[in-house]
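Please walk me through this structure.

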Amino acid sequence: MGTQVQAQTVLEWADLQAGISWESNADIPIFRQAVFAPELLALEGKEVIVTGYFLVLDGTQSVYLLSKNPMASCFFCGNGGPETIMELEFDEKPSFIMDDLLSVSGVLRLNADNPNHCYYRIEKAIALSL
């Protein structure tokens with residue numbers, strides 16, 4: 001009897017930045033539709049690991065992001081683009097605070113056309129502080 005082991009893919013922010021381009025969306029002019037590179041499309045629905053800074057987006061502390069940069073220099077402050085953040089979906093509320101450096105594992109989801117979510121999302125997120 002054999003056992004198949006699937007390793008998680010470690011994604012670097014450079015992979016995420018290089019793996020996306022955009023097209024204009026006539027239906028939603030302020031939202032650009034994402035076009036993902038074949039390498040990222042192959043990871044859709046797969047377990048990945050990404051390291052970045054933990055951000056809390058709202059006052060109720062229910063919207064979480066992982067960012068290439070800490071809050072003071074993140075995408076929202078003009079340092080980078082929307083490919084430098086990803087949504088995190090935890091099963092339980094995490095105990096981390098703003099700007100904690102984390103490695104997060106979970107299922108990668110790519111969002112090409114929903115303006116209510118980030119282009120990258122991690123479902124079933126499990127985070128480890130560094």
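In this predicted model, asparagine 111 touches Ala34, Phe36, His117, Cys118 and Tyr119, leaving aside residues up to four places away in sequence. Asparagine 111 sits in a loop. That loop runs between strand E7 (101-110) and strand E8 (120-129).

Is asparagine 111 buried or exposed? Its relative accessible area is 7%. Buried means under 20%, so asparagine 111 counts as buried.

Now look at the polar partners of the asparagine 111 side chain. One is the backbone oxygen of asparagine 114, which lies 2.8 Å from a polar atom of that side chain. Another is the backbone oxygen of cysteine 118, which the side chain reaches at 3.1 Å. Cys118 is also among the residues that asparagine 111 touches.

Next comes the largest pocket. Its space is about 400 Å³. Which residues lie nearest its centre? They are Ile85, Pro115, His117, Cys118 and Tyr119, out of 20 lining residues.

Strand E5 (64-67) and strand E6 (85-90) each supply at least two residues. E6 gives the largest share, with 4 residues.

What is the lining made of, by class? It has 14 nonpolar residues, 3 polar residues and 3 charged residues.

Methods:
Residues numbered from 1 in each chain as written. Predicted model: local features only at pLDDT ≥ 70, side-chain atom pairs only at ≥ 80, totals over all residues. Heavy atoms only, no water. Buried < 20%, exposed > 50% of the residue type's maximum accessible area, 1.4 Å probe, protein only. Polar contact = N/O pair within 3.5 Å; in protein donor to acceptor, adjacent residues only side chain to side chain. Contact = heavy atoms within 4.5 Å. 1 Å grid on protein atoms, 1.4 Å probe; cavity = no way out; pocket = protein on both sides within 12 Å on 5 of 7 lines; lining within 4 Å. Points joined across faces, edges and corners; volume = space filled by probe spheres on them. Nonpolar A, V, L, I, M, F, W, Y, C, P; charged D, E, K, R; others polar.
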